[in-house]
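Dear colleague,

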Amino acid sequence: MSLLADAVRREAFAEASRFRGEFYECLTARRDELFELVDAVLCADGAVKSPVDLTLLPEHRRGHGAMYGGLNHGRIDVDRLQTVLAGLPLPRFEGGRLVLAVDVSPWLRSDAPCSAERLFCHVYGRAKTASQFIPGWPYSFVAVLEPGATSWTAILDAVRLGQVDDATAVTAEQLWGVVERLIDAGQWQAGDPAIVIVSDAGYDVTRLAWVLRDLPVEMVGRVRSDRVMRLPKPPRMHGVNGRPPKHGPEFRFTKPDTWPEPAITTVTDTSNYGKAETQAWDRVHPRLTHRSSWLDHDGELPLVEGTLIRLKVERLSKDRDAPPVWLWSSKTGATPNDVDQFWQAFLRRFDLEHTFRFAKQTLGWTTPKLRTPEAADRWTWLLIVAHTQLRLTPARVRRGFRNIRAHLACPARVPKPRGAGPGRPPGAKNKHRAPRYDVGKTVKRPETLKAIGKPGRSW
């Protein structure tokens, strides 16, 4: 048993060392500083409060000026790093299925008028119905979820949403790139189960399913509990003239009398949520209109059918009277096993929230007061690399990484001795005032075709 454990530990150390070497090659400017800055994050005692404090650790052999230079002027080959992350060993669910989660987490910068490209980020307050919009940089993350008694995730990509970006279009492009890199890395091959992508209610899951329809993926997203969808159109009756209907009767989530008999019902006993009951209906779809993300769609709008799932559990956390959760999957003809896998994968999406909390509260993702969004992007990718190294180590304990680091490869070069910089003369004032930037979107899109003078079509 000890020999097997030693072999597993050696393989884990070798995998982590390979990753560290490949990450070092992804650094194209100020590489030694950026590499040692990641090691300092991993070896710090307690939560990271400031990057300046990291320069005092023995793992960071350069001064604080080098740290500023690395974050402000360093360069990371992000495309190469994304490829490296896609090729690492990834956790899988039953049957070898990959499950991805996509979500947005904001880096709030309400007191930074000199920082460009800030947006109003939606955050929840302490009260149940309270919410606020605070200036900051929103980042869209894609991570691989892991089954079992763990909340670790494998982050594969991060994209900062800009002031002119359409969130749905950016997310679709981001997911397309992640899935293509996974296929190129051999993580998915012909005959493997489709990759499941789960999202929360803030995403247009039907639009994403349509854009990604040529990829081996199945979208699973939560939809609002007040939605109205459509059932499949009824079969055409003999002798009835006129144009056949495109949609069937309405399916109102809030009116059970509009629900037909479910095609699938399942009951599962869980350890965390008690009894989980599901009802599923096949080929349920929304009635699309030329609005929002479908505004620029040419021609007739498609019919995006899928499986609608109503999940009811006994308890969610401390809430004993948990409301039902509505999910929509892009897969039609789902089996009871598919339905159970879909809602279980969606519940694992909350592991990504633990990842955000760990990155902010422990690794110090949002603590630096960086001025430029480019420096924020570099710091974000450095913390993704740090989080990946913790996931690859055998114990996954950050407090012991300093001991683990002694067994890992360290390609960073020894710093050359240099004197202190001259700095600003005593008593001199800063004559270069930083420019101020407005917050929010810079491009306003019309909501409908009618608003831009194009003929619309209703169904």
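**Helix packing and an enclosed strand**

Please note that the model is a predicted one.

Two packed helices are described by the angle between their axes and the distance between the axes. The crossing of H2 and H10 is right-handed. From H2, the residues in contact are Leu34, Leu37, Val38, Val41 and Leu42; from H10, they are Trp379, Leu382, Leu383, Val385, Ala386, Gln389 and Leu390. By class, this contact comprises 11 nonpolar residues, one polar residue and no charged residues.

Five of its five residues are buried, so E14 is largely enclosed by the rest of the structure. In a regular strand the side chains alternate between the two faces of the sheet. In E14, Val325, Leu327 and Ser329 point one way, while Trp326 and Trp328 point the other way.

E14 is joined to two strands. Strand E8 (residues 217-223) runs antiparallel to E14 and is connected to it by four bridges; arginine 222 has leucine 327 of E14 as its bridge partner. Strand E13 (residues 306-313) also runs antiparallel to E14, with five bridges between them, and leucine 311 has valine 325 of E14 as its bridge partner.

Yours sincerely

Terms used
Residues are numbered from 1 along each chain as its sequence is written. This is a predicted model: local features need pLDDT of at least 70, side-chain atom pairs count only at pLDDT 80 or more; totals for chains, interfaces and linings use all residues. Side-chain values use heavy atoms; hydrogens and water are left out. Buried means under 20% relative accessible area, exposed over 50%, partly exposed in between (1.4 Å probe, protein chains only). Two strands pair if DSSP finds at least two bridges between them. A crossing is left-handed if the near helix is turned anticlockwise from the far one by less than a right angle, and right-handed if clockwise. Contact means heavy atoms within 4.5 Å. Ala, Val, Leu, Ile, Met, Phe, Trp, Tyr, Cys and Pro count as nonpolar, Asp, Glu, Lys and Arg as charged, and the others, Gly among them, as polar.
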